[in-house]
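Dear colleague,

Please find below the structure for your review. My notes on selected features follow it.

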Amino acid sequence: MRLSQILFVTLRDDPADAEIPSHKLLLRAGYIRRIGSGIYAYLPLMWRVLQKVSQIVREEMNATGAQECLLPQLQPAELWKESGRWDTYTKAEGIMFSLIDRRQQQLGLGPTHEEVITTVARDMIHSYRQLPLHLYQIQTKFRDEIRPRFGLMRGREFIMKDGYSFHADEVSLKETYQDMYQAYSNMLRRCGLAFRAVEADSGAIGGSGSTEFMVLAEAGEDEVLYTEDGKYAANVEKAVSLPADAEISPFTTYEKRETPGTETIEKVCDFLRCSPTQLVKNVLYQTVYDNGMTVLVVVSIRGDQEVNEVKLQNELTKLATNYGAKTIISLTVSDVETQGKWASKSLPLGYIAPDLADDYITANKQFHSQFVRLVDKTAIDLKNFVTGANETGHHVVGANWGEQFKFPQLIVDIRKAKPGDRPLHDPQQILQTARGIEVGHIFQLGTKYSQVMTATYTNEQGEEHPLFMGCYGVGVSRLAQSAVEQSYDQDGIIWPVAITPYHAIITIPNIKDAQQVEIAQKLYTELNKAGVETLLDDRDERAGVKFKDADLIGIPYRIVTGRAITNGKVEVVKRSTRETQEIAIEELVNTLQEWIKSATEG
């Protein structure tokens, strides 16, 4: 393609609304244009990148025996109500675009397709002889992000590959899950990306085991904890670890002490001259379930630790049926404003104990009458600990579970693992941290959807059982931008060869020089004919402008028909290393073919 014929406009300055390098560069280099909040047009160069990413994804999926299909983006609300996720996606998370059609029927624009594919399976899969079955699609998804940002990283409309597998049992599901783990690893390697596969939380998708595939980049929204031996990696939301050892308590007898002005961990530790590892702090949360019931929660955790709210929400979701509910609408720390709605009397904030009395909760059908009390494992191991006395300006010291405080029934892991902790598999290792961009996520759904939507099969004995399901997603447009976030310099994008819009760009320094133009056009024809996708910059612009644009758009190899042609050569610049060399014109095609093969197959 000739650059003079492409819709191609570059910007010299960073757009005001772009926050991270990849977003700035894709806008500046003419790959995308903002149409509205979180809505972008993919321009010709970007569309070529997306097609290449999609093709790699498609090839790896097809190699596993998965079958490509296309599912509707417009989905009836009834399917989502059947699975129990309508309120979660339209109210709790609020990410589904919902509408009412002219027949007064509720519809949603698909943020994901578990309900639709389960409906297909329910209608079409009846026998074990049809299993296992794996279907996937590549299409646009819609999510009403609260704060669309970072361009294609967190948009309201994006391209995604999502696949769903169906099985007779968990053994078969795990086999496909491992196949997908390998296929996703292959996809990212072939795209030329540095990545890490990490244990992850399943979130609103649900199910048991799940793995995220993170492209490593400083602008990543996710924090990854990992060990140098390569045997453990997890999203911080999911990560588990051994905390630092607690110090031995200096208190040997139980007593209540006056501790004025010590409503923070730091202040009480300074006042009592003790370590935060010897203290049990108690945090008030309030959770609202989907039936409108508000439940107040006291979380007890070691003083030097932080609550992982994703883990906390998962634990409270497990309790939903206790309150006649299915899921959680919201989970927040109970601040002064919200306490005013449920507290029957003034709370001893900063001095709360694990046994805060239930009569602090006002009598109201909207509020459950008792606190849920969750104790983190770090707190349960403490002896002679310090904690609040349920009286402003007072703490107790030398306290123990099973003595001064009732031994808790709900002991859970809700602490946030952090860099410097020790991993469970080898306490000699230390957890390291990195930033990552989630581009892929695979789930073992089990029977979560098939049970509630009655998608069953008949086994060899004629018995009916729910289908086991897996779910596998790749953000195609997000992956493309993450490649830029991982590889750029002060002059522009540096595309991996496998997903670059073009392999090479021929720059004619002076289009008024007939010999430069003739050689450039000859090479342009020969390279494209040989499978080296090549742009020809035939614009009537200064050479410096052309060189800057070539660097900005990130094409791997720049061929310059300048002074070297008098010696039968052209100058070739590798974008990734800036290495420059002169290559004989008759050897150029073979040389570039070898470089591209090495870059994409090595």
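How many nonpolar, polar and charged residues does the lining of the second largest pocket have, by class? The lining has 12 nonpolar, five polar and three charged residues; here Ala, Val, Leu, Ile, Met, Phe, Trp, Tyr, Cys and Pro count as nonpolar, Asp, Glu, Lys and Arg as charged, and the others, Gly among them, as polar.

Please note that this is a predicted model, in which local features need pLDDT of at least 70 and side-chain atom pairs count only at pLDDT 80 or more, while totals for chains, interfaces and linings use all residues. Residues are numbered from 1 along each chain as its sequence is written, and side-chain values use heavy atoms, with hydrogens and water left out.

**Pocket**

The second largest pocket holds about 400 Å³ of space. A pocket is an open set of points on a 1 Å grid over the protein atoms alone, where a 1.4 Å probe fits, with protein on both sides within 12 Å along at least five of seven lines; lining residues have an atom within 4 Å of a point. The volume is the space filled by probe spheres set on the points, which are joined across faces, edges and corners. Of the 20 lining residues, Phe371, Arg373, Lys406, Pro408 and Gln409 are the closest to the centre. Strands S15 (294-302) and S17 (372-376) each supply at least two lining residues, and S17 gives the most, with four. Strands (E, at least two residues) and helices (H or I, at least four) are DSSP runs, numbered from the N terminus.

**Strands**

Strand S8 (residues 157-167) has 10 of its 11 residues buried, so it is largely enclosed by the rest of the structure; buried means under 20% relative accessible area with a 1.4 Å probe, protein chains only. Phe158 in S8 is the bridge partner of Lys141, and Ser165 stands opposite Gly470 in S24.

Elsewhere, three strands form an open antiparallel sheet in the order S4-S6-S5. Strands S4 (74-76) and S5 (97-100) stand at the edges with a single partner strand each, so one side of each is left without a neighbour in the sheet.

**Helix H14**

In helix H14 (residues 543-553), the buried residues include Val545, Asp549 and Leu552. Just after H14, Gly554 takes a positive phi of about 80 degrees.

Yours sincerely

Terms used: Pairing = 2+ DSSP bridges. Buried < 20%, exposed > 50% of the residue type's maximum accessible area, 1.4 Å probe, protein only.
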